[in-house]
Amino acid sequence: MNVWAESVGTGGEARCVNADGNRSVHTYHWTDDPRWLLYEQDGDGDENWHVLRVDLADPEAPAVDLTPFPGAKAMGFEPLVSRPGKALLRLNYRKRAEFDLYELDIATGELTMLAENPGEVADWLCAPGGDPYVLTWTAEGDIELVRWDAGAGRTRRVTPFDGADYPLGVQPFPFTPDGTGAWIGSNRESDLTRLVRLDLATGVETPVDSHPFFDLDTRCTVPRRCRRRSSATGGPESCSGCAISASGRRSTCWTRTSARCWRTWRSCPTATWVPFRPT
C-alpha cells in the first residue's frame with residue numbers, strides 16, 4: 001500500500017506520492033504546511049520506523065528520510081500546535097534501549113533533543129504548550145508521573161500510580177487543550193476503570209464519567225459523526241463530542257464522556273446507538 005494524494009475540486013487525478021513496491025505504508029501525517037506530507041515506514045519488516053517527508057509541490061523530488069539513522073526507531077510522532085512547522089517524536093538514536101525526546105523541524109529536517117532519557121523513563125508525554133512530562137517505573141514496580149525540566153536538570157513529581165492497578169501503564173492519557181490537565185483512565189481506589197481529569201499542578205483526580213458495572217476502555221472515536229440542522233443557519237452542522245467504550249462480560253456499548261456531550265449526541269435525530277459484539 002502506498003499513499004496517494006488528490007486535489008479536491010480541480011478534476012485532477014490522484015497520484016502516488018511515495019511509490020514503494022517493497023514495503024507498505026500504513027501511517028501518514030498531514031502538516032500545517034500543505035506542501036509537506038509525512039509518512040512512516042520501516043525497513044523490510046524490522047519495525048525500525050523512520051519518518052519520511054514528501055514534497056507535494058514537487059512530485060518528482062524523492063522522499064526525504066527525516067530520521068536517517070540505521071537501526072534507530074522513531075515513535076510517537078506528534079505535531080506541535082503551539083509551534084507551527086515543528087513536531088515531537090521519540091528516537092532511540094543515542095542508545096537503542098532508551099528513547100529521547102526530540103523536536104523536529106519539518107521543513108529543514110533539523111532534530112533538536114529536548115530531553116535525554118536518564119534510563120527509567122517509560123514514556124514521554126508533551127502538553128499542548130510543549131511542556132514535557134514523563135511516566136517512569138519505580139524500583140517497587142509503581143508508576144510516577146513527573147514534570148520534566150530539562151534546562152534546570154530536575155523534575156517534579158505530579159502523582160504516583162500503584163503498579164498493581166496499572167500493569168500495562170496508564171491508558172489513555174490525552175492532555176486537556178489548555179495543558180493544565182489530562183484525561184486518564186483511572187483505577188485509583190476502585191476495581192473499575194473510570195474517566196477522570198488529572199490536575200497537573202496538584203495531582204488531584206476529578207471524576208468525569210464512569211459506568212456502574214463496566215470498565216471504561218481505551219480512547220476511541222464516535223462510531224459516526226452525526227449531522228443535525230443548525231437553528232441559526234438552517235444548514236447542517238456536526239455534533240461535537242467524543243466517546244469511549246464501556247466493556248463488560250456480556251456486551252460493550254458506547255457511553256458518554258460528559259452529560260452535555262451525551263445530551264447532544266442522544267438528541268440528534270440521526271445518531272445511532274452502536275453495540276459492540278465481541279468476536
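Thr31 touches Trp36, Leu38 and Ile106, leaving out residues up to four places away in sequence. This is a predicted model. Its chain has 279 residues, of which 38% count as buried, and its secondary structure comes to one helix and 22 strands.

**Thr31 and its loop**
- Thr31 sits in the loop between β3 (27-30) and β4 (36-41).
- Thr31 has a relative accessible area of 16%, so Thr31 counts as buried, the cut-off being under 20%.
- The side chain of Thr31 reaches two backbone oxygens: that of Asp33 at 2.7 Å, and that of Trp36 at 3.2 Å.

**The chain as a whole**
- The accessible surface of the chain is about 16300 Å². Carbon and sulfur atoms make up 51% of this surface.
- Among contacts in the chain with a separation of 6 or more, 28% join residues 24 or more positions apart.

**Nonpolar cores**
- In soluble globular proteins, nonpolar side chains tend to be buried together.
- The largest nonpolar core of this model has 17 residues. Those with the most contacts inside this core are Tyr133, Leu145, Phe161, Phe173, Phe175 and Ile184.
- At least two residues of this core come from each of the strands β12 (132-137), β13 (143-149), β14 (154-161), β15 (181-186) and β16 (194-199).
- Phe161, one of the residues with the most contacts inside the largest core, touches Asp142, Ile143, Leu145, Tyr166, Val170, Ile184, Arg188, Leu198 and Glu205, not counting residues up to four places away in sequence.

- Strands of a sheet pair through backbone hydrogen bonds, either parallel or antiparallel.
- Here, three strands form an open sheet in the order β15-β16-β17, with antiparallel pairing.
- β15 and β17 (205-209) are the edge strands, each of which pairs on one side only.
- On average, neighbouring strands of this sheet are turned by 35° against each other, direction ignored.
- The antiparallel pairing of β15 with β16 runs over six bridges. Gly185, for example, has Leu195 in β16 as its bridge partner.

**Glu144**
- The side chain of Glu144 makes a polar contact with the side chain of Arg157, at 3.1 Å.
- Glu144 and Thr159 are 15 residues apart in sequence, and their C-alpha atoms are 6.0 Å apart in space.
- Beyond its neighbours within four places in sequence, Glu144 is in contact with Val134, Leu135, Thr136, Thr138, Arg157, Thr159 and Pro160.

**Asp105**
- Asp105 is found in strand β9 (residues 98-105).
- With a relative accessible area of 15%, Asp105 is buried, because the value is under 20%.
- The side chain of Asp105 reaches the backbone nitrogen of Ala107 at 3.2 Å.
- Asp105 touches Gly85, Lys86 and Glu110, not counting residues up to four places away in sequence.
- Asp105 and Ala87 are 18 residues apart in sequence and 6.8 Å apart in space, C-alpha to C-alpha.

Methods. Residues are numbered from 1 along each chain as its sequence is written. This is a predicted model: local features need pLDDT of at least 70, side-chain atom pairs count only at pLDDT 80 or more; totals for chains, interfaces and linings use all residues. Side-chain values use heavy atoms; hydrogens and water are left out. Helices (H or I, at least four residues) and strands (E, at least two) are DSSP runs, numbered from the N terminus. Buried means under 20% relative accessible area, exposed over 50%, partly exposed in between (1.4 Å probe, protein chains only). Contact means heavy atoms within 4.5 Å. Accessible areas come from the Shrake-Rupley method with a 1.4 Å probe; for residues, only the protein chains shown count as cover. A nonpolar core is a set of buried Ala, Val, Leu, Ile, Met, Phe, Trp, Tyr and Cys residues joined through side-chain atoms within 4.5 Å. Two strands pair if DSSP finds at least two bridges between them. Axes are lines fitted to C-alpha atoms, for helices over the stretch in contact, and angles run from 0 to 180 degrees between N-to-C directions. A polar contact is a pair of N or O atoms within 3.5 Å; within protein, one must be able to donate a hydrogen and the other to accept it, and residues adjacent in sequence count only if both atoms are side-chain atoms.
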